[in-house]
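Reader: I have a sequence and a model on my screen. Please show me how to read some of its features.

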Amino acid sequence: MMSGVKRKASELNDKTEVDAKQLKTESTAAVDETQDIIKTGDSRTSQNGDVESDSENDDDHDEEEEEATGGNAPPGKSTTSSQDIHLARETAELFKSNIFKLQIDELLEQVKLNNKHILKVEKFLHKLYDMIQLIPEWEEQSLTDVQSYFKGKITTVPFVDPKPTVGNTKYNFNYLKPDISLVGSFALKTGIYQPQGSSVDILLTMPKSLFEKKDFLNFRCLHKRSVYLAYLTHHLSVLFEKEKWNDFLSLEFKYFNNDNLLPILTINCAKPTTGEAKLDQEYNFYKTKFSINLIIGFPEKVFEPKKLLPNKNCIRVAQENTETHLPATPLYNFSILFSSTYESYLKYLYKAKKETEAFRDASILGRLWLQQRGFSSKTAHSGSLGGFGNFEFTTLMAALLNGGGVNGNKILLHGFSSYQLFKGVIKYLATMDLCTDGHLQFHSDINYSDSISKYVDEGFKTPTIFDKTTKVNILTKMTVSSYGVLKMFAKETLKMLNNVVQDQFANIFLTNISKSDNIKYDLCYDVEMKTGEASNLESLLNAKFTPIERVKYITVENFLVHRANSVINYALGDRISAVEVELVGQKNDFSIKKRKVYSNAGGHGLNFEHMRIKIMVNPAESEKLVTKGPAHSEEVTPEATFFKNFWGPKASLRRFKDGSITHCCVWSSSASEPIISFVLDFILKRHITERLEVHGNITKQFQNLLPLPNLPANSKTSILNLNSFYDVKKSFDKLYKIVFKMNLPLSIKSILPIGSAFRYTSICQLVPYAYSNPDFLQDVILEFETSQKWPDEITSLEKAKTAFLLKIHEILENEHNSQYKSFFTRDESIPFNLDVTTLNVLTQEGYGFRFRILTERDEILYLRAISNARNEIKPLLENTFLKFTAKSQGSVRHTRTIENISHAFPLYTGVVRLFKKWLDSHLLLGHLNDELVELIAMKPFVDPAPFSIPGSLENGFLKILKFISQWNWREDPLILDLVKPEEDFLSSFEKSIGGSDLDAKMMHKLSERLTLSQYKDIQANFNNLRKTDPNGLHLQFFIASRNDPSGILYSSNIPLAICTRLTALAKVAINLIQTHGLNKQTIELLFAPGLNDYDFVIHLRTPHGLRLSSGVASDSDFKNISNQAAPAEFPDDISLLSEKMDPTLQLVKYLNMKYKNSLIFSSHRFIGVNGGKNGDKNVITGLIKPAFKNAQKFRVNIDCNVKPVDAETVELNKDALFQEIAAFGNDLVVDFQSK
């Protein structure tokens, strides 16, 4: 099948090859066609581009086949196994390609432009063309004449900085009729509908006679263009007024793609202010949401391209030292050179579009992918993600159709489908380095016979796709940082495209991940800069914006962005994976009455309000205490000198354990802020200006929400520190050894801890003797060797287990009395089985463990009881068996899995603990199993698409809320692949499954992940469940994994009202963040319970404050005094333990059992965390079930307290119920509120 695909692709490629003369004719026709639209109003534009491709297979298959057949695989079963796997993957990817094709066709149909709108705009373009022809030509004018001409007129010349002066300007200005043509996506017919509106780019090429040979130097051609633009603008405004269009048309200047060297004229159409009838005016295109950009371009090759290469200097400045070479001016050179290439690239892309049937659709997919991730063609040098938009994507795609490999081999074929073209470009961006190690060369000349694109192993430390025809680096507008972010997104998208198990179409194209910076990025900092008494910020910069810097960066804003990017990347190094610097409040449009943008919104005289730094964190390295520099040597090295100058007083010499002496910086960890915050604050003040303030309050406030353990130096302990959990494990290990060696009637097979502390997920970190913590007693399962003597009846079996526990209790009491205390309790977690007994052991280290016994007979007896039961009680017994499984085998598997994965995701522990606190703040945690909450919290880590794996506490928490807010649990299951992330990115994409390099390690990796058949089986389980319960009334959350394919192990018996409330709270939270942003008030609102939503609320107060005895540190400034109240030992009388435990938990449990038919009760589970300053306040809230909200007919089995309304109907007797409930609360009740 693969060879067939190759033949089809090559045949299609051969068919599209034409001679050079024909290509020239067709490409020239592309420009002529766009000119005709303006001149004649031709409305041949069509947006229908549905493509039926001959080849739907992935482009990777060629490589896979060669690897699979070319290797020397040993004979026998291994070869057969490899071929089977290869065939299975080939079939899966072919199926996915076809599914993607259907989804793409539907998407393209939805985003295509409205043909009526296109006709409307083309009609106006035709009229605009005629108007431009009416503008009179202008004789040569000196600068003085130009100033005199525009004096008193509404239009000002938008001179770029530095503005020309009369004394130094020896050249003249004039206006001759331009060449007019359409360029951009509208000309190529690759535009799509944009909710905020689209733009039509019109190129007005200045005649060649207006320029001299050296006008590319010192802004001369740019100043000539500014006068040309001003003259055009003035006459257009006069003509618009003459046509009485000024009521709905407006003119303004704008920096095209945020390039301060390229002002353009934008025509906007607004709703008429006088009368609705004018909306139907012939040339009013307001309803189309289009705007029109008039771009003034230079003639092709008017300047010699070699003199404008990126490494050339074209801005001469006076220097004291004449021997010093002037720096290169890449931004300036690019702006001039690119202004002469618009038509060249239109021809180049038109040729690619004509030769490749799916080119248009693939370019639209690329545009959507980039937009959803915040990328555009705007320059990244002035902040934000830019430099790679639709033009750059399509140009790269066209280049890869002509080669792109190391040897010039073609990466893409003309016969590929839109899916394959898109995936090929994404794979190229993800796997090829176009910055440090190499770059791509291509030829945009359509008449060049040997126009092969080639990857060259030579990097320039800047993103580079170099056009050897025009001498333009297509990626000049990108910074190294923005390229890093692009490459990161490409890698993540490639993972999604290679996922043959799950449908990732929506994550790739439909989800806008740029709506909230705090969800897209791990850490966000707002940097405010104040000038104080100084006139502007420029005078206060530590690194002065000298004329040399102005030559390189053009504007002080560009300089600031570059400076911030460079120092942040050097200082943070491998602590971060990507960084974006945004200038918030930056303006790029200005009135035609102004020369340039004038903005002082930030109070510092620059064109932005404040700087926002957005960081993607590497959690494995982010909290390291030492920043290592170069090794120390007797001779001073340049690296050491730079390190000491960069860090200043922070730099020091340290000897490490291996004996090496290294330059380094030492930082202090904190429970309230990440080390990155301290580093960022230090370096920005040192290298930009002392008069700045870094605001990281959001991160600090979120981390302060985590309960701080009542331990020494707790405020200086990072949230990634797990020492308190390790102490629990050490205490358990000692007890484990003692119990394992006990002389019992049966030998112990295994002792399996299943408590939340062993998974590092308990909301309060365990503190010695903090027995008020509901999680204080950690569950442990004890398994004995197989025996035929276990009783064959459940009650007898439980009594036999109790006898074994009693024997362990006696041994501990007789032989280890000084180290351990033990007592028995009854376990009521399994319905209808009240004979389960647990042994609770208190250790000398101050921790507690709850032992229960599991035998091989348990499961058999439960299943036998189900099979022998009557049909009407089978569901109850099945639910009992489900609870048993969840508390035994299910918890063992869950604990092992979560503990293992949490080491791969260092932030998971903190995120799940914060999520539990949020649930408990809203009185929901008591209704949800810990295992269920932990699985939901694992979603952003094991299945982060379309986002990245969380790298901060707030980022992980917000991603959980976002997922819950969008999760339609009635129709969609949550299927988790609980595996660690791939250690090597390339190993998961570059190796062929079924190839000769299929080794044991790769097979092991594959075996850990869910296969397609397993995924389908789980999906079938969900579908079967929803056939009997389509609205999710009985079971709402279906959360499945390899450990639990049934998906219902931990989610059964949750009230419907609790599930719907959880979804509603998450939606409100996300809406609050998107509307008002994250600040102190919104974060407090996130964790404030909405008590008014309940039918009644009972306020309680416990006799003792339980905050300190729960192990939660006090908020007092005098912690050494307040912590004396914390227990330091267990009471001699074990029964006194209950005095410092929250009675609300048992009260709510009893109330829910008693009134289960009519009421739902909730309360805070962790009173030490959510019970006020001292941990002595709690609430019990009640919801009346919908069936009892209104009066109903009386029934004998109504099973609740009702009172008669009339002869036939009754209603809930609220007064009597409330009195009963208050009586149960007794002295605990402080206030009772009801609606």
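Reader: How many salt bridges does the structure hold?

Author: A salt bridge is a side-chain nitrogen of Lys or Arg within 4 Å of a carboxyl oxygen of Asp or Glu. The structure holds 43 salt bridges. This is a predicted model, where local features need pLDDT of at least 70 and side-chain atom pairs count only at pLDDT 80 or more, while totals for chains, interfaces and linings use all residues. Residues are numbered from 1 along each chain as its sequence is written, and side-chain values use heavy atoms, with hydrogens and water left out.

Reader: Which parts does the pair of Glu934 and Lys916 tie together?

Author: Helices (H or I, at least four residues) and strands (E, at least two) are DSSP runs, numbered from the N terminus. The side chains of Glu934 and Lys916 meet in a salt bridge with 3.1 Å from N to O. Glu934 lies in helix H29 (residues 930–942) and Lys916 in helix H28 (residues 908–921), so the pair links parts that are 18 residues apart in sequence.

Reader: Are Glu934 and Lys916 buried or exposed?

Author: Buried means under 20% relative accessible area, exposed over 50%, and partly exposed in between (1.4 Å probe, protein chains only). Glu934 has a relative accessible area of 0% and is buried; Lys916, at 1%, counts as buried too.

Reader: What does Arg612 form with Asp526?

Author: Arg612 forms a salt bridge with Asp526, and their closest N and O atoms are 2.8 Å apart. Arg612 is in strand S15 (residues 610–617) and Asp526 in strand S12 (residues 523–529), so the pair ties together parts 86 residues apart in sequence. Arg612 is partly exposed at 22% relative accessibility, and Asp526 is partly exposed at 25%.

Reader: How do I read a sheet?

Author: Strands of a sheet pair through backbone hydrogen bonds, either parallel or antiparallel. Two strands count as paired if DSSP finds at least two bridges between them. Here an open sheet of six strands has the order S3-S4-S7-S6-S5-S14, with mixed pairing. Its edge strands are S3 (179–183) and S14 (589–591), each pairing on one side only.

Reader: How does S7 pair with S4 and with S6?

Author: S4 and S7 pair in the parallel sense over eight bridges, and Ile202 stands opposite Leu294 in S7. Four bridges join S6 (residues 263–269) to S7 (residues 290–297), and these two run antiparallel. Ile267 has Ile292 in S7 as its bridge partner.

Reader: Why is S7 largely enclosed?

Author: Eight of the eight residues of S7 are buried, so the rest of the structure largely encloses this strand. Phe290, Ile292, Leu294 and Ile296 are buried on one side, and Ser291, Asn293, Ile295 and Gly297 on the other.
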